[in-house]
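Reader: I have a model open and would like to go through it. Can you put it on screen before we start?

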Amino acid sequence: MSWSLRFLACVCCAAPFLYLGCGEQPDPGLDDQVTTRGRIEVTAELLEIPGEFPPNKLYDYAYVLKYRVLEVHRGDPGADILYIGHYNPLKPRQAVVDKRVKDIGGNLRRYRAGDCHRMALEVPIDDFYMGGIINEYHAETDAPVYWAVWTNRVVR
Amino acid sequence: MLTILTVLSLVWIPGQAESPDPQVAALAEEIASKGWIAFSARGEGDTWDVFLCRPDGTGLRNLTATREFEEAAPRFSPDGSKLLFRRMEKGEVIDHDKWGFQGRLMVANADGSNAKPLGEDGALPWASWSTDGGRIACLTVKGIEIHNLATLERVRQMPRNGIYQQLFWSPDGRWFCGVANHQGELWTVVRMNATNGEVNPVREYQNCTPDWCPDSNYMILSSRPAGQPANDGYGYTQLWLVSGDGAEQRLVYGEDGYHIYGGCVSPDARYVLFTKTRGDGGESEKGGGPIGVMRMADAPNIGGESPDLRKVHPDANTAPVLYIGQGWEPHWTYAEIGSAP
């Protein structure tokens, strides 16, 4: 076999391994916090981001996002579609805690439609969070709004 | 060493009684003896203190004069004999939205004497006087809590129904007002029935910092109407008078280039206080802004040239406004206080 053919053969054999090495490894979004905080724990797909997140220059707020439940880990969310309020979604979860809202977090850095999140939740949001809430779904549903206590990124 | 009053006088323009504008001078003379105004301002050492002055800006007194604390947001009791305010650690930045959650609630005589803390840091948030001054209504995540002021015993609790900040109890005790999440929107001032908890919005879109008029039928609030071309489409916040049911709404004061906050109506409803700042929110994070006084009868009143605002309100007045100094969140009583200078 010529050197060029040997080289080509080596590349073809190594390619799958190279691809796996550069791509993301599956990540179930597990940590000690998401499995213990809140009363409900789900893995869910963020279906859409209905509007633009306002800047935090002047005020803080929670933004309600719409999810489809993929897997229930704890508790009973009671529905396949959940409306979940996230505090100051422009901020990474690791940096979102402030003087008013202390017991939340996670490893999620940014919100993107189509991504999956593993979340510890409480409901209804008003029992756990007192502040401005932007809810673009208010007119279309009276389903309870959940409060995202811990939000981790999932790679499936 | 400069005294406190010397420091404040560098930015304080008492009374403008010698204003070159005779209308402003006339307004100053008209209100000079009408009780006292309490407000927050930076004192000696640059910390926030609670100050008192006559409505024309004269008779300035620092009621707290503490270098080790930040003290702000004074509210007279209905009879004018007491003050509530919040005391924070030195260096804590006063949040223009969430100040009612900050620091410890303090109660004092209206002249600042006998100041005592009530509860711990962060406790009794947004404390608001009852009609008789014997109770306070507070806003917590669990709901609106009514406490006996003397004992701090909680005597009643009711759902907050979306209200999340700036809670105030009406003078007649029948209503609360506050900023709420309503119909999917934040920054909606609502009125709540203090008996059954029923809520109604009073104005839509981006409004806040409500306060009651003495008759408990109307409120003064700050509102940033949508659709303003100025300020890159963000617009400017204005002072509005609205009825408790939201049916009547009237511009009180606005000025292109300035955001108007801290609205407070005088005890006889004939005058109104406000602050104006270049930045939105009232600028409690800095030093507040000029405190203005105008006659309610002159509303709607527009300051400066304000071409954008005058297009929307072509019938608005250009009426005198007396500026009495720099500060934040003023409050007015007609009670006489202590030994006035």
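Author: A term to begin with: buried means under 20% relative accessible area, exposed over 50%, and partly exposed in between, with a 1.4 Å probe and protein chains only. This is a predicted model, in which local features need pLDDT of at least 70 and side-chain atom pairs count only at pLDDT 80 or more, while totals for chains, interfaces and linings use all residues. Residues are numbered from 1 along each chain as its sequence is written, chains are lettered from A and ligands numbered from 1 in the order in which they are written, and side-chain values use heavy atoms, with hydrogens and water left out.

Reader: Is B:E44 buried or exposed?

Author: B:E44 is buried, at a relative accessible area of 15%. It sits in the loop between strand 1 (36-42) and strand 2 (48-53) of chain B; strands (E, at least two residues) and helices (H or I, at least four) are DSSP runs, numbered from the N terminus.

Reader: Which side chain does B:E44 have a polar contact with?

Author: That of B:R67, at 2.6 Å. A polar contact is a pair of N or O atoms within 3.5 Å; within protein, one must be able to donate a hydrogen and the other to accept it, and residues adjacent in sequence count only if both atoms are side-chain atoms.

Reader: And where is B:K90?

Author: B:K90 is in the loop between strand 5 (82-89) and strand 6 (104-109) of chain B. B:K90 is exposed, with a relative accessible area of 52%. Leaving aside neighbours within four places in sequence, B:K90 is in contact (heavy atoms within 4.5 Å) with B:T47, B:R67, B:E68, B:F69 and B:E70.

Reader: Switching to chain A. What elements does it have?

Author: Chain A has one helix and seven strands, in the order α-β-β-β-β-β-β-β from the N terminus. Of its 156 residues, 43% count as buried.

Reader: How many residues of each chain are in the A-B contact?

Author: Chain A gives 18 residues and chain B gives 21. About 1500 Å² is buried between them, 57% of it from carbon and sulfur atoms; buried area is the accessible area (1.4 Å probe) that two parts lose on being put together, summed over both. A:L58, A:Y59 and A:M130 supply 40% of the area that chain A buries against chain B, more than any other three residues.

Reader: How many salt bridges cross that interface?

Author: Two, where a salt bridge is a side-chain nitrogen of Lys or Arg within 4 Å of a carboxyl oxygen of Asp or Glu. One of them pairs B:R160 with A:D126, the closest N and O atoms being 3.9 Å apart.

Reader: Which partners does B:R295 have in chain B?

Author: B:R295 forms a salt bridge with B:E30, the closest N and O atoms being 2.9 Å apart. B:R295 lies in strand 22 (residues 289-295) and B:E30 in helix 2 (residues 22-31) of chain B, so the pair ties together parts 265 residues apart in sequence. B:R295 also forms a salt bridge with B:D298, at 3.7 Å between the closest N and O atoms. Both B:R295 and B:D298 are buried.
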